[in-house]
Amino acid sequence: MGRKSRDKGAAWEREVARLLTHATGTECRRQLRQYQVGGSDIDTRLPIAVECKTGYRISIASALEQADGNAEFGEVPFVWVKQNRKGKSPMRYIVIDELN
């Protein structure tokens, strides 16, 4: 992955952390060591495992699998997606089965 792609992904993760902080009132921030130790893209202190994806072609199924694999016991896999050239409204996906 090139530097430009990494920078774009990191900026999106920071934006998602900001949106989650605003929405929940709980401090959320980008997980800086995710590439070294694995886990969620965002440290939320909430019972969710956040996966952030940005790009032109995004596999939602793959992103949900990754979020599910990163989720610890009791966490709900949660994916935020922003597709390039599709505007500023991010899509959010939750695996509904996990909420029951």
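**View A. Arginine 45 in the loop between S2 and S3.** Arginine 45 is placed in the loop that lies between S2 and S3. The model shown is predicted. Although arginine 45 is not a glycine, its phi is positive, at about 60°. The relative accessible area of arginine 45 is 59%, and the residue is classed as exposed because this value is over the 50% cut-off.

**View B. Threonine 44 in the loop between strands S2 and S3.** Strand S2 covers residues 42-43 and strand S3 covers residues 48-55, with threonine 44 in the loop between them. Threonine 44 has a relative accessibility of 3%; this is under 20%, so the residue counts as buried.

**View C. Surroundings of the threonine 44 side chain.** At 3.0 Å, the side chain of threonine 44 reaches the backbone nitrogen of leucine 46. When residues up to four places away in sequence are not counted, threonine 44 touches Leu20, Thr26, Glu27, Cys28 and Val50.

View D. Three helices and five strands make up the elements of the chain, and from the N terminus on they run in the order α-β-α-β-β-α-β-β. The chain has 100 residues, of which 29% count as buried. Its accessible surface comes to about 6900 Å², and carbon and sulfur atoms account for 48% of that area. Of the contacts between residues at least 6 apart in sequence, 42% join residues at least 24 apart.

Notes
Residues numbered from 1 in each chain as written. Predicted model: local features only at pLDDT ≥ 70, side-chain atom pairs only at ≥ 80, totals over all residues. Heavy atoms only, no water. Helix = DSSP H or I, 4+ residues; strand = E, 2+ residues; numbered from the N terminus. Buried < 20%, exposed > 50% of the residue type's maximum accessible area, 1.4 Å probe, protein only. Polar contact = N/O pair within 3.5 Å; in protein donor to acceptor, adjacent residues only side chain to side chain. Contact = heavy atoms within 4.5 Å. Areas by Shrake-Rupley, 256 points an atom, 1.4 Å probe, with all protein chains shown as cover.
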